[in-house]
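Have a look first, then we'll talk through where the labels come from.

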Amino acid sequence: MQSKPIYRIKTIREYHKVRGLPKPQHPLISVINCADILHTGDVCDYRWMLDFYSISLKRSSYSKAIYGQQEYDFDEGIMYFSAPNQLFSFEIDKEATPDFSGWILLIHPDFLWHTSLADKILKYEFFGYDVHEALFLSEKEELLLKNIILGIQQEYHTNMDKFSQHIIISQIETLLNYAERFYERQFLTRKITNHQILDRLDKLLNDYFNDNDLISRGLPTVQYVSDRLNVSPNYLSGLLKILTGQTTQQHIHDKLILKAKEKLSTTDLSVSEIAYGLGFEHSQSFNRIFKSKTNQSPLEFRKSFN
């Protein structure tokens with residue numbers, strides 16, 4: 001099946017025009033009431049790409065959002081984050097009556113220029129999460145964020161002065177910090193789902209390192225592990241850091257070291273042969289990782305074990 005064409009929207013003003021909204025009050029930032037958006041049948045004929053950040057909280061039984069191969073309903077109300085140049089698409093029920101509610105905050109990167117958020121916004125990993133990793137908010141959390149959004153809207157609707165940008169940037173940063181807190185709460189409260197991911201990760205890495213074909217496959221990458229677990233790399237690392245204190249890469253290295261210790265203690269293979277068998281092209285790289293994890297070289301470990 002042929003892919004849908006990409007509809008790229010470069011400015012917030014263009015976004016307003018495409019979605020049937022009045023001209024924005026500010027060219028670089030806008031708060032939109034989802035109920036005001038014009039929903040046309042051709043919205044699902046394209047894959048959409050925005051040249052700016054989008055932070056949304058939406059509710060609808062009328063539409064589904066699709067990012068890549070992932071589909072998500074808005075029935076319960078979710079919050080999700082999109083960075084510039086991410087592709088997404090929509091599927092709508094053309095027979096249903098549009099019933100969107102919620103809000104969308106659009107932020108052009110130029111608005112962040114020469115501010116504390118210009119580089120700092122990149123540290124908020126949820127901008128790289130897939131749509132099925134969206135943030136579920138309690139009513140109390142939703143109201144708190146809505147009040148911040150109203151504050152942003154009120155600030156740029158008044159006469160802009162030399163303080164306005166700083167105040168809005170501070171409000172956006174507060175919004176993002178709350179979102180980070182709420183994601184941490186979500187990691188901890190959705191224990192069954194998250195611990196299932198941990199169990200699957202453990203099995204995946206065990207199976208990988210027990211494979212006799214590591215020489216040709218090499219070490220597992222974070223992207224490989226994430227793809228097999230059907231989560232985004234950023235979401236997986238965020239989840240693991242909250243639940244275990246370690247990143248995905250650290251989990252991979254821990255499993256590697258366990259396998260290396262097993263071979264060092266139960267075989268007569270040389271360190272170079274073990275390194276090669278575990279997918280390393282150069283034994284020096286293996287030695288460096290092993291020592292950083294154990295404070296011993298492979299040979300020192302073998303001698304102390306024996």
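Q: What makes Glu262 partly exposed?
A: In this predicted model, Glu262 has a relative accessible area of 41%.

Q: Why is Lys259 called buried?
A: Its relative accessible area is 12%. Buried means under 20%, so Lys259 gets that label.

Q: Why do Glu262 and Lys259 count as a salt bridge?
A: The closest N and O atoms of Glu262 and Lys259 are 3.5 Å apart. The cut-off is within 4 Å, so the pair counts. Both residues lie in helix α9, three residues apart, which is about one turn of the helix.

Q: How many salt bridges does a search of the whole structure find?
A: Nine. Let's look at another, between the side chains of Glu173 and Lys120.

Q: What makes Glu173 and Lys120 a salt bridge?
A: The N to O distance is 2.4 Å, and the limit is 4 Å, so the pair qualifies. This bridge links distant parts of the chain: Glu173 sits in helix α4 (residues 164–189) and Lys120 in helix α2 (residues 117–120), 53 residues apart.

Q: Are Glu173 and Lys120 buried or partly exposed, and how do you know?
A: Glu173 has a relative accessible area of 15%, under the 20% cut-off, so Glu173 is buried. Lys120 comes in at 31%, between 20% and 50%, so Lys120 counts as partly exposed.

Q: How do you know that Glu141 and Arg185 meet in a salt bridge?
A: Their side chains are 2.7 Å apart, N to O, and anything within 4 Å passes, so this pair does too. Glu141 is in helix α3 (residues 139–157) and Arg185 in helix α4, 44 residues apart in the chain.

Q: Why is Glu141 called buried, and Arg185 partly exposed?
A: Glu141 has a relative accessible area of 11%, which is under 20%, so Glu141 is buried. Arg185 has 26%, a value between 20% and 50%, so Arg185 is partly exposed.

Q: At what angle do helix α9 and helix α11 pack?
A: Helix α9 (residues 248–266) and helix α11 (residues 283–294) pack at about 100°, with their axes 10 Å apart. Angles from 65 to 115 degrees count as roughly perpendicular, so that is the word for α9 and α11.

Q: Which residues make the contact between α9 and α11?
A: Among them are Ile257, Lys261 and Leu264 of α9, and Phe286, Phe290 and Thr294 of α11. By class, the contact has seven nonpolar, three polar and three charged residues.

Q: What makes Thr294 buried?
A: Thr294 has a relative accessible area of 17%, under the 20% cut-off, so Thr294 is buried. Thr294 is in helix α11, and, leaving out residues up to four places away in sequence, touches Ile257 and Lys261. Thr294 and Ile257 are 37 residues apart in sequence but 8.5 Å apart in space, C-alpha to C-alpha.

Q: And what about the whole protein chain?
A: Of its 306 residues, 44% count as buried. The secondary structure comes to twelve helices and seven strands. The chain exposes about 16,500 Å², with carbon and sulfur atoms supplying 49% of it.

Definitions and conventions:
Residues are numbered from 1 along each chain as its sequence is written. This is a predicted model: local features need pLDDT of at least 70, side-chain atom pairs count only at pLDDT 80 or more; totals for chains, interfaces and linings use all residues. Side-chain values use heavy atoms; hydrogens and water are left out. Axes are lines fitted to C-alpha atoms, for helices over the stretch in contact, and angles run from 0 to 180 degrees between N-to-C directions. Helices (H or I, at least four residues) and strands (E, at least two) are DSSP runs, numbered from the N terminus. Angles under 35 degrees count as roughly parallel, over 145 as roughly antiparallel, 65 to 115 as roughly perpendicular and the rest as oblique. Contact means heavy atoms within 4.5 Å. Ala, Val, Leu, Ile, Met, Phe, Trp, Tyr, Cys and Pro count as nonpolar, Asp, Glu, Lys and Arg as charged, and the others, Gly among them, as polar. Buried means under 20% relative accessible area, exposed over 50%, partly exposed in between (1.4 Å probe, protein chains only). Accessible areas come from the Shrake-Rupley method with a 1.4 Å probe; for residues, only the protein chains shown count as cover.
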